Amino acid sequence: DTRMILSPSLLSSDFGRLADELEALASAGCTWVHWDVMDGSFVPNITLGAPVIKRLRKESSLFFDVHLMVDRPERYVGDFADAGSDMLVVHAEATVHLERAVAEIKRLGMQCGVALNPHTPLSVLEYVLDQLDMVLIMSVNPGFGGQRFLPFSLRKIAELSAMIKARGLTTLIQVDGGVDPDNTPELVRRGADVLVSGSAFFGFPPYADRLQTFMQAAAK
Ligand code: DX5
Ligand code: ZN
């Protein structure tokens with residue numbers, strides 16, 4: 001499948017040169033970039049927030065794919081809209097009012113995704129799936145880059161893909177955590193549309209070559 005989208009996770013990039021990294025991704029042929037926002041509460045790590053994204057929005061026309069690993073994300077939907085997020089992804093586990101958060105994201109003109117931790121069943125999507133542009137299947141426990149892919153995620157991707165097809169939807173399936181060129185063919189076969197890669201992307205420059213490696217793996 002050559003329509004696979006690679007969304008490089010800036011978590012593994014050089015935070016001292018984010019503007020240059022964004023430029024390098026665009027020059028390499030990337031179209032999406034993945035921002036990992038961590039609050040030190042939902043996950044045991046703190047990264048960056050809306051002010052940083054807002055500043056870098058001026059430096060890049062890449063599609064900003066923003067993954068909020070934040071408790072009660074509904075508090076910040078306005079800030080991330082104002083920062084210029086194209087896709088805002090919230091965790092189902094982080095809010096007791098998921099439908100309200102989804103509706104607010106859409107109302108503010110962003111695309112909306114819902115992320116599920118590895119242990120969270122697909123059934124939480126039952127009544128919101130039709131409103132979503134994307135579902136993010138976490139294939140590691142969120143919080144850090146460079147962790148090992150959890151193999152049971154493969155069945156989850158296939159089951160989500162079947163659920164989306166059965167409803168006649170076009171919802172994208174994103175997979176995040178431990179993705180590399182070796183597991184890319186299987187992920188795409190199971191139905192993944194968007195692959196996030198941090199350490200397996202930024203650790204292997206030049207970026208144009210690495211993007212090609214992922215795209216060729218997706219076409220296998
Ligand atoms: C994990 C983040 C991921 C992470 C992926 O909490 O959501 O986006 O950066 O990194 P790798 O590809 O190294 O597993
Ligand atoms: Zn992420």
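**Reading two annotated residues in a predicted model**

Me: In which strand is D36 found?

Reply: Strands are DSSP runs of E of at least two residues, and helices are runs of H or I of at least four, both numbered from the N terminus; D36 is found in strand β2. This is a predicted model, in which local features need pLDDT of at least 70 and side-chain atom pairs count only at pLDDT 80 or more, while totals for chains, interfaces and linings use all residues. Residues are numbered from 1 along each chain as its sequence is written, with chains lettered from A and ligands numbered from 1 in the order in which they are written.

Me: Is D36 buried or exposed?

Reply: A residue is buried if 20 or more other C-beta atoms, placed from the backbone, lie within 10 Å of its own, exposed if 12 or fewer, and partly exposed in between. D36 has 24 C-beta neighbours inside 10 Å, so it counts as buried.

Me: Which residues does the UniProt annotation "active site" cover?

Reply: Such annotations may be inferred rather than shown by experiment, and their positions follow the numbering used here, with feature names shortened; the unreviewed UniProt entry places "active site" on D36 and D176. These span 141 residues in sequence, yet no two of their C-alpha atoms are more than 10.6 Å apart, so they gather at one spot.

Me: Where does D176 lie, and what does it touch?

Reply: D176 lies in strand β7, residues 172–176, and counts as buried because it has 25 C-beta neighbours inside 10 Å. Touching means that C-beta atoms, placed from the backbone, lie within 7 Å; leaving aside residues up to four places away in sequence, D176 touches H67, L136, M138, S139 and V196.

Note on methods. Contact = placed C-beta atoms within 7 Å.
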